[in-house]
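Hi,

Here is the structure I promised you. Have a look at it first, and then read my notes below.

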Amino acid sequence: MTKLSLRRTRLNHHTRELTRETHIQPQQLIQPLFVVDGIDEREPVPGIDMLFRDTQQSLLQQIEADRAAGINKFLLFSVPAEKSTATFNVSFTVAQIEAIRQQFGADIWLAVDVCLCSHTMHGHCGVLNSAGNYLRNDATVSELANIAGLYAEAGADCIAPSDMMDGRVAAIRATLDELGCEQTTIMSYSAKFHSHFYGPFRLAADSAPATQNQLQDRASYQIDPARPTDALASSQRDAREGADILMVKPGLPYLDVLTNLTGQIPLPWAVYQTSGEQAAIDTLARHDLIQRDGAQHETWLAFKRAGATMIISYAARRANQILRTV
Ligand code: PBG
Ligand code: ZN
């Protein structure tokens, strides 16, 4: 006599389908976009398939193509041509938001990243003190709040602060409300770790900390990977300050954090599958060491199991194709 127990429901695709608990829906994927001032032609981002640093024109075409592929939610990173240290000109980004809004209206949902690292000469996410060894908190926060207001007025649906200064969510919420942008949501990078998985992004956004800095890295403002309780405190704080959506970033190396935080704080949770994570998958696939679509899908399932509702993924634009093949 052959004994089957748990294998019986794994045997054919009907029972496998019936018993699934987790599903990937393209409506819950967010595609990051990069738009770069001062380039004539769009450029591929190293290591990541089908990801580009777009010009204003190619950006609009890319969004059109993504919509045709069934993706309508985006997170915009905009890279200015000129760097500065104290006052920041965001007119390029404002123009991109306006152009997107004009072309696509309410057909798409547009979140815009708010940070200073693409703007500063030194590549840090805020304003440095004159000694060059400390990122000034409140000076940075007031710049960010100001910029967030301009993005909201230009038509952003959502403001996504990624700087990790203290008090920025409250300051941004206050500015948005004062401007009459009370409908604009805030998605806070509330549990953003000091990670090595941001490499390709920093090339795409031209935002790596400069090597001649005294302050060499972002350890004095991003969360220590060995300290999950700081991620909890940071997320609770951002929830209190008025964030509508919280986030864990990176994704796969922090699934434990995602599981714990989504279980503890009853707000919508995003997870950010970062550029380094994506490049790892795509590089394995390019070497024929992994089946690209299946591996991508498997990582998305992990995020859903861990409690994220929405996933920020560089492969979002391939989702419908992926879902057809897995
Ligand atoms: C910058 C920022 C980073 C990412 C989003 N916003 C990187 C960093 O902190 O240097 C990471 C995105 C990715 O790697 O995909 N504030
Ligand atoms: Zn930054």
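**Helix pairs and a zinc site**

In this predicted model, the axes of helix 2 (residues 56-68) and helix 3 (residues 91-104) come within 11 Å and cross at roughly 40°. That angle makes helix 2 oblique to helix 3 (under 35 degrees is roughly parallel, over 145 roughly antiparallel, 65 to 115 roughly perpendicular, and the rest oblique). Axes are lines fitted to C-alpha atoms, for helices over the stretch in contact, with angles from 0 to 180 degrees between N-to-C directions. Helices are DSSP runs (H or I, at least four residues), numbered from the N terminus.

Contact (heavy atoms within 4.5 Å) joins Q56, L59, L60, I63, E64 and R67 of helix 2 to A95, Q96, A99, I100, Q103 and F104 of helix 3.

Helix 4 (residues 137-154) and helix 5 (residues 168-178) also pack at about 40°, with axes 9 Å apart, and are therefore oblique to each other. On helix 4, V141, L144, A145, A148, G149 and A152 make the contact; on helix 5, R168, A171, I172, T175 and L176 do.

Now the zinc ion (ligand 2): its protein donors (N, O and S atoms within 2.8 Å of the metal, or 3.2 Å for Na, K and Ca) are the SG atoms of C115, C117 and C125, lying 2.2 to 2.3 Å from it. Along the chain, the donors follow the spacing C-x1-C-x7-C.

Residues are numbered from 1 along each chain as written, while chains are lettered from A and ligands numbered from 1 in written order. Local features need pLDDT of at least 70, side-chain atom pairs count only at pLDDT 80 or more, totals for chains, interfaces and linings use all residues, and side-chain values use heavy atoms, without hydrogens and water.

Best wishes

How values were computed: Helix = DSSP H or I, 4+ residues; strand = E, 2+ residues; numbered from the N terminus.
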